[in-house]
Amino acid sequence: MSEEGDLEKTEPASERRLEQAREEGQVARSQELSTFAVLMAGGLGIWLMGGGIFSRLSRMLESGLVLPREMAFDPQLMMERLSVQGWDALSALLPLLLLMFIAALASPLLLNGWMFTAKGLQPDFGRINPLRGLSRMLSLHGLVLLAKAIAKTLIVGSIAVWIMWHYRDGVMGLSNEPLGVGVGHLGSLVVMSFIAIACAMVPIVALDVPFQLWDHHRKLRMSKDEVRREARETEGDPNVKARIRSLQRDAARKRMMAEVPKADVVIVNPTRFAVALRYQEGATGAPRVVAKGASLVAARIREVATEHRVPIVEAPPLARALHRHTELGDQIPEALYAAVAEVLAYIYQLRRHSIKGGRPPQPPRDLPVPAGLDPESTFA
């Protein structure tokens with residue numbers, strides 16, 4: 001079942017999937033890297049602090065071998081002495097242990113950076129399920145771990161056997177050397193053994209770290225359906241987004257229609273386009289577009305303008321140019337100043353005629369609209 005599921009998951013994990021796994025404590029881990037870091041920290045600590053640790057432990061051993069007569073017959077004094085000796089040993093080894101502890105904590109940072117989550121501490125009784133344990137043992141990951149353990153055992157074991165065989169004469173001769181010389185000789189043998197084992201660990205770590213990173217991303221791979229579902233969750237349901245955009249357009253259209261009664265004139269195509277202009281006398285700047293639209297929106301603008309007695313002027317080239325080159329709230333282009341000025345002059349004449357009467361003004365004809373601004377001009 002798991003293998004079939006893995007075959008379906010062909011897509012790499014998304015950033016969101018990786019972040020969710022990280023929050024749950026699922027990150028790439030290399031036990032070999034941690035072991036190597038602790039080993040190197042221990043070797044470095046012994047190299048830097050070995051002399052001081054050896055001196056303190058030697059003094060503690062010497063004092064521990066001196067046993068006063070009264071202490072031999074008093075168990076309480078012996079327990080106190082043992083407690084003091086234990087604390088002395090701990091204080092002597094504490095810097096080395098602390099250095100190794102820091103290395104054990106810091107080694108995962110090389111793969112995953114700083115991370116703290118409590119989800120990994122929550123009990124998961126599925127981990128003690130023998131069937132799941134058997135499936136993990138027989139999985140690709142389990143087989144790789146087995147092969148890695150065998151390879152590590154063979155490599156490190158071979159190095160250890162080689163060291164013992166190479167230094168067999170020196171090891172056998174330690175018993176014949178004076179204490180000081182023997183301790184120094186033993187220390188050099190330990191250092192050489194440590195260097196050889198550390199060098200043997202390097203290729204193991206170099207192979208394990210990339211494998212753990214690859215295996216981590218492999219486990220988090222996603223199917224095409226999961227990718228689409230995550231995209232919907234992240235970006236939102238397309239139907240919902242379309243509904244929101246529709247509501248936004250309706251709200252914007254209502255606000256725009258509310259500006260039509262305040263317009264000075266509506267210039268139409270006559271049926272395809274409609275643009276409402278407003279000009280405040282005494283204000284700086286050119287007339288502004290307060291409403292515009294095509295087809296049904298243009299028809300609605302004309303209806304609102306008729307209901308509120310806003311003059312409607314048929315000027316197809318000007319209506320097309322204004323609709324193409326302006327947005328709501330924009331001032332009209334400078335190239336259309338002359339044409340719009342003739343329309344506004346006609347509107348002012350209408351207002352004067354409605355008040356004083358007389359001969360009605362004639363609508364403007366052949367407005368000076370540059371051919372480059374009219375989208376339907378043959379010279380555009």
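View 1. Strands here are DSSP runs of E with at least two residues, helices are runs of H or I with at least four, and both are numbered from the N terminus. Please keep in mind that this is a predicted model, in which local features need pLDDT of at least 70, side-chain atom pairs count only at pLDDT 80 or more, and totals for chains, interfaces and linings use all residues. Residues are numbered from 1 along each chain as its sequence is written, and side-chain values use heavy atoms, with hydrogens and water left out.

View 2. Look for Leu-277, which stands opposite Val-289 in strand 3.

**View 3. Strand 1 has both of its faces covered**. In a regular strand the side chains alternate between the two faces of the sheet. In strand 1, Val-265 and Ile-267 are on one side, Val-266 and Val-268 are on the other, and all of these are buried. Strand 1 (residues 265-268) pairs with strand 4 in the parallel sense over 3 bridges. Ile-267 has Val-313 as its bridge partner in strand 4, and Val-268 stands opposite Glu-314 in that strand. With strand 2, strand 1 pairs in the antiparallel sense over 4 bridges, and Val-266 has Ala-276 as its bridge partner there. A hairpin of 4 residues joins strand 1 to strand 2.

**View 4. Ile-347 is a buried residue of helix 15**. Helix 15 covers residues 337-356. The relative accessible area of Ile-347 is 0%, so this residue counts as buried. Asp-264 is 83 residues away along the chain, yet its C-alpha atom is 7.7 Å from that of Ile-347.

**View 5. Helix 3 packs against helix 5**. Two packed helices are described by the angle between their axes and the distance between the axes. For helix 3 (residues 31-65) and helix 5 (residues 75-106), the angle is about 170° and the axes are 8 Å apart. Axes are lines fitted to C-alpha atoms, for helices over the stretch in contact, and angles run from 0 to 180 degrees between N-to-C directions. Helix 3 is therefore roughly antiparallel to helix 5 (over 145 degrees; under 35 is roughly parallel, 65 to 115 roughly perpendicular and the rest oblique).

**View 6. Helix 3 supplies the largest share of the lining of the second largest pocket**. That share is 9 residues, and helix 10 (179-219) also supplies at least two. Among the 16 lining residues, the closest to the pocket's centre are Ile-46, Trp-47, Gly-187, Val-190 and Val-191. On a 1 Å grid over the protein atoms alone, a pocket is an open set of points where a 1.4 Å probe fits, with protein on both sides within 12 Å along at least five of seven lines; lining residues have an atom within 4 Å of a point.

Technical notes:
Two strands pair if DSSP finds at least two bridges between them. Buried means under 20% relative accessible area, exposed over 50%, partly exposed in between (1.4 Å probe, protein chains only).
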